[in-house]
Amino acid sequence: MEINWTDFFAPVWLSVKISVITSIIVFLLATLAARKMAGRKFFGHSLVETVLLLPLVLPPTVVGFVLLVILGRRSWIGKLYEQFTEHTILFTWGAAVIAAVVVAFPLVYRTVKAGFEGVEKDLEDAARAQGASELQVLRYVTLPLASRSLAAGYVLGFARGLGEFGATIMVAGNIPGRTQTVPTAIYVAVDGGNMTLAWMWVCSIIVISALMLMFVNRRS
C-alpha cells in the first residue's frame, strides 16, 4: 500500500505542536497552584483541592462535554471570542490545547505539589534568615530541590497532551489537516481497517515519547 506522507505527518506535527503548547501552559499553571497549595491549610482547602483534581477522575468525554458547553457559541466565552475573532473556539486546534490542558492539569499538579512538599522547610527558613527574599528562596532553594518532580510533571503534561483523545474529539473533532491528532488518526485508521497506517502512527508516538523521556532523564 502506498503511503501519502503528507497525510501521515500532518497529525504527527499537529500532535507535537499541541503537546508542546499544552505542556508549557499546564506546567506553569500547575506549578503556581501547587506552590500556593503545598503544605498549607485554609478554609475551603479540601473543596479547592477537589476542584483541581476533579478532571483526573472524570471520564474524558465528560470533560469534553463540559468544555463543549463552556466554549460553545451560546456561552458568554464563546460569544466574546467570536466577537473579537469572528471565529469559534470549537473545532480548532486551540480547542484541542484547552482540552489537553484541562485533562493533564491534575496529573502535573499532583506531581509538582509532591515535589514542593518534599522540600525541607528548615532549608527554606534558613535562606529567609540569611536575608533571602521569597523569590530568591523559590529560585535557589525550592525549585532546585524539587527539580526531579518538576521534570516528571512536565513529562506527564507532555505525554497527556500527546495521548489525549476523549475530550479532544468532543471539542476539536477529527478534521484531517486541521484538528486530527495522532490518537484520533489511529482510531480512524483502525476503524477503516488500515492497520499499516495505524501501526506507523503508533510507532511515531512511541518514538516521540521515548525521546522526551530520554531528554528529561539526561537533564535530570
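Leaving aside its neighbours within four places in sequence, which residues is Glu164 in contact with?

Guide: Happy to. Glu164 is in contact with Ala100, Val103, Thr181 and Pro183, once its neighbours within four places in sequence are left aside; contact means heavy atoms within 4.5 Å. Before we go on, this is a predicted model, in which local features need pLDDT of at least 70 and side-chain atom pairs count only at pLDDT 80 or more, while totals for chains, interfaces and linings use all residues. Residues are numbered from 1 along each chain as its sequence is written, and side-chain values use heavy atoms, with hydrogens and water left out.

Glu164 itself sits in the loop between α8 (147-163) and α9 (166-171). Helices here are DSSP runs of H or I with at least four residues, strands are runs of E with at least two, and both are numbered from the N terminus. With a relative accessible area of 2%, Glu164 is buried; buried means under 20%, exposed over 50% and partly exposed in between, using a 1.4 Å probe and protein chains only. Glu164 and Asn194 are 30 residues apart in sequence, and their C-alpha atoms are 21 Å apart in space.

Two of the residues that Glu164 touches, Ala100 and Val103, carry numbers that fall in helix α5, which covers residues 93-117. Let us follow that helix. α5 packs with α2 (residues 45-57) at an angle of about 120°, and the axes are 6 Å apart. The axes are lines fitted to C-alpha atoms over the stretch in contact, and angles run from 0 to 180 degrees between N-to-C directions. α2 and α5 are therefore oblique to each other, since angles under 35 degrees count as roughly parallel, over 145 as roughly antiparallel, 65 to 115 as roughly perpendicular and the rest as oblique. On the α2 side, Glu49, Leu52, Leu53, Pro55 and Leu56 meet residues of α5 that include Val102, Phe105, Tyr109 and Arg110. By class, this contact has nine nonpolar, no polar and three charged residues.

Most residues other than glycine have a negative phi. Glu86 has a positive phi, near 65°, and is exposed, with a relative accessible area of 67%. Phe91 is found in the loop between α4 and α5 too; its phi is also positive, near 60°, and Phe91 is partly exposed at 39% relative accessible area.

Now step back to the whole. The protein has 11 helices and zero strands, and of its 220 residues 39% count as buried. Its C-alpha atoms fill a box of roughly 70 × 45 × 30 Å along the principal axes. Among contacts with a separation of 6 or more, 73% come from residues 24 or more positions apart.

The UniProt record, an unreviewed entry, lists "domain: ABC transmembrane type-1" at residues 12-217, and in the model that span is 79% helix and 0% strand. The record also places "transmembrane region" at residues 12-34, 46-70, 90-109 and 198-216. Of these, residues 198-216 are 100% helix, with end C-alpha atoms 27 Å apart, while residues 46-70 are 92% helix, with ends 24 Å apart. UniProt positions are in the numbering used here, feature names are shortened, and annotations may be inferred rather than shown by experiment.

Key:
Nonpolar A, V, L, I, M, F, W, Y, C, P; charged D, E, K, R; others polar.
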